[in-house]
Amino acid sequence: MTLAGWTVIAIILLCLTLLITTRLSVDIVFIGGLTILIVSQVVPAEEALVGFSNQGMLTVAALYVVAAGMKETGAIQFVVNTIIGKAKSIRRAQVRIMAPVMVVSAFLNNTPVVASFIPALEDWARKNQIPASKILIPLSYAAILGGTCTLIGTSTNLIVNGLLIDEASTNTIGIFEPGLIGVPAAIVGFLYLTIFAKKLLPDRGSGFDTFKDPREYTIEMIVEDGSPLPGKTVEEAGLRHLPGLYLVEIYRQDHIIAAVDPEQQLQAGDRLIFTGIVNSIVDLQQIKGLKPATDQIFKLNSSRRERLMIEAVVSPSHPVNGMTIKKGRFRNIYDAVVLAVSRNGERIKEKVGDIRLKTGDTLLLEAHPNFLEQYRNSSDYYLTSGISDSSPPNYERSGIAWGVLGVMISTVAFGWLSMFQASFLAAGLMVGTGCVRAPTAKDYIDWSVLLVIAASLGIGSALQYTGGATVLAEWFLGYADGSPYLALAGIYLATWMLTEMVTNNAAAVLIFPIAISMAASFGVSYMPFVMTIIMAASASFSTPIGYQTNLMVYGPGGYKFTDFTKIGLPLNLIIAAITIFLVPQIWPF
């Protein structure tokens, strides 16, 4: 191997060491590694930067926009709430997530499945006070295991099948043939995660973070006529266990229902009085059938979808200070409506419009985003800050969002468009049909994940360009002379290690010709080797960089590099043992 090849391997080992031993973020580490390659001219710049034009990386970017459309219309939240229900235990939640995701990922590309579920599961975890870190790795692993069960479950299977057709001319893998090994592996993986995930996964990205903010507001919401809520009990409507939120009483026509029972049925026009922290107030905005109980909100110049929630602290020079919100004509002055007021933790019993403002009151406003720029340095307020993800879902467009997702899936399934083309078409349709606004879509894109994918692809490309990947593969397989069983184990090990260092598709492409040559030299069938490559290239659990879905959950789950190794390495070894034992039984040498 050349000096350049050794240099690339050294850089990969340095990156892995830094990720394991330091708190540096994964995007900084890999961009740093790529920078060393470019500056030292180990490989041409265009080779090192190939990841930034890679279709896989750009597909992930487009899928973030698709996921944004699904979340902004409430489409995915509905599915998550239906699938997981009101599961309160971590283990039950993990099971309810993994089972359907495995099935769906067998027939859909697992990247959009994971991209669509991440934001909805983050919200669900926060509302149910379950750490997001307990459910996002199981989400990724379930998608990976499900993808091994059919030919179309992952792009790796399709790539290997294409190589096989080129090699054998007529031979091809049946659509359900990978399931002969993939289904047993998925079942065992499911059981392993069900038993050990709760114990092995860390407590990070927690839903308990909402309790860090001590400010409590009182807000009044109306049950809309014609919505799904009338006729449901408080418990059934999901208004009983929102974290940091308490339903104080219900105003119904001319009487008050205090100490609200969870079995109390809601009626159209009920005015619900809640007290709680700001994030829980945001959660109320997401519930279909509830609207703020103030006529002011419908008199603002912009639609609710174009506004966001803002916290602002009243200063002594505020023009409405000392007056009630209604008489001070707050809406006319600021083109904003006061949803709730927080005052030193005390509950304010007056209706919002009748509250007399005082210095230091924290107002929860609904206003146009330009309010922040206009009043950030104004003497009217001590402080103004926007609240992210506070716009209510656009439920009217949830059907359109599902239709766009269906178009993306169908065009890929029927072979009309590639995943790359279909994802960009779907992203464009999500923005064009108003399912998500362009600025919001950009906010949903996780740029750090894209940087990691691009940088790791660039480093992997450098490993191939310098010949380091081929030498490593041949070195792993060198000890297997004389025994097809040892060769099979070597094929698995080499593919797995390259997948963790490069990418699953690149690893499969590199190992495939070596495996075919070994089968020919032993005079045995190449099918056991081919099926082993399919499993080893997809079974990437022990690092976040080997598979795109692992990278996608890395940030939202608040994970460290070693978290994947702790839970993923045993799973890697289990899947390896199942594959090496079963493959020769199903596809004899």
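Reply:
**The salt bridges and their surroundings**

Arg252 counts as buried, because its relative accessibility is 8%, where buried means under 20% relative accessible area, exposed means over 50%, and partly exposed lies in between (1.4 Å probe, protein chains only). This is a predicted model, in which local features need pLDDT of at least 70 and side-chain atom pairs count only at pLDDT 80 or more, while totals for chains, interfaces and linings use all residues. Residues are numbered from 1 along each chain as its sequence is written, and side-chain values use heavy atoms, with hydrogens and water left out.

Arg252 forms a salt bridge with Asp270, and the closest N and O atoms of this pair are 2.7 Å apart; the term stands for a side-chain nitrogen of Lys or Arg within 4 Å of a carboxyl oxygen of Asp or Glu. The pair links distant parts of the chain, since Arg252 belongs to strand S2 (residues 245-252) and Asp270 to the loop between strand S3 (255-258) and S4, 18 residues apart. Strands here are DSSP runs of E with at least two residues, helices are runs of H or I with at least four, and both are numbered from the N terminus. Asp270 also counts as buried, with a relative accessibility of 1%.

The structure holds four salt bridges, and another of them joins the side chains of Glu220 and Arg271 at 2.5 Å, N to O. Glu220 lies in strand S1 (residues 217-223) and Arg271 in strand S4 (residues 271-276), so this pair ties together parts that are 51 residues apart in sequence. Glu220 is buried at 11% relative accessibility, whereas Arg271, at 25%, is partly exposed.

A further salt bridge is formed by Glu373 and Arg376, whose closest N and O atoms are 3.8 Å apart. Here Glu373 counts as exposed, with 62% relative accessibility, and Arg376 is partly exposed, with a relative accessible area of 42%.

As for the setting of these pairs, the protein chain contains 23 helices and nine strands, and of its 589 residues, 56% are buried. Among contacts (heavy atoms within 4.5 Å) between residues at least 6 apart in sequence, 78% join residues at least 24 apart. The chain exposes about 24100 Å², of which carbon and sulfur atoms supply 59%; accessible areas come from the Shrake-Rupley method with a 1.4 Å probe, and for residues only the protein chains shown count as cover.
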